[in-house]
Amino acid sequence: MKASYKKLWKLLVDKEMSKGDLHKKSGLSSSTMTKLRKGEDVSMEALRKICIALNCNIEDIVEFVPDNSES
């Protein structure tokens, strides 16, 4: 299973926010923002900061999907 942040990107559109806005509001590092854009794993602390910045719950920003490389 891998993390998918499609819900996060949709929520940003719904809130009329850019990824740059999220970066500033959440205080996430540039490397964490890059990981999010690439669909890589980020820390629970990073997810918490996003939830606080967007006033949402974790299930609103991330979901786990099957990884095609897993058999």
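**Legends to the views of the predicted model**

View 1. Along the sequence, the protein runs in the pattern β-α-α-α-α-β. In number, the protein has four helices and two strands; these are DSSP runs numbered from the N terminus (helices H or I, at least four residues; strands E, at least two). The model is predicted, so local features need pLDDT of at least 70 and side-chain atom pairs count only at pLDDT 80 or more, while totals for chains, interfaces and linings use all residues. Residues are numbered from 1 along each chain as its sequence is written, and side-chain values use heavy atoms, with hydrogens and water left out.

**View 2. Packing of helix α2 on helix α4.** Helix α2 (residues 19–26) packs with helix α4 (residues 44–54) at an angle of about 105 degrees, and their axes are 9 Å apart. Axes are lines fitted to C-alpha atoms, for helices over the stretch in contact, and angles run from 0 to 180 degrees between N-to-C directions. The angle therefore makes α2 roughly perpendicular to α4 (65 to 115 degrees).

**View 3. Residues of the α2 and α4 contact.** From α2, Leu22, Lys25 and Ser26 make the contact, and from α4, Lys49, Ile50, Ala53 and Leu54; contact means heavy atoms within 4.5 Å. By class, the residues of this contact are four nonpolar, one polar and two charged (nonpolar: Ala, Val, Leu, Ile, Met, Phe, Trp, Tyr, Cys and Pro; charged: Asp, Glu, Lys and Arg; polar: the others, Gly among them).

**View 4. Extent of the protein.** The C-alpha atoms fill a box of roughly 40 × 25 × 20 Å along the principal axes. Of contacts between residues at least 6 apart in sequence, 61% join residues at least 24 apart.

Technical notes:
Angles under 35 degrees count as roughly parallel, over 145 as roughly antiparallel, 65 to 115 as roughly perpendicular and the rest as oblique.
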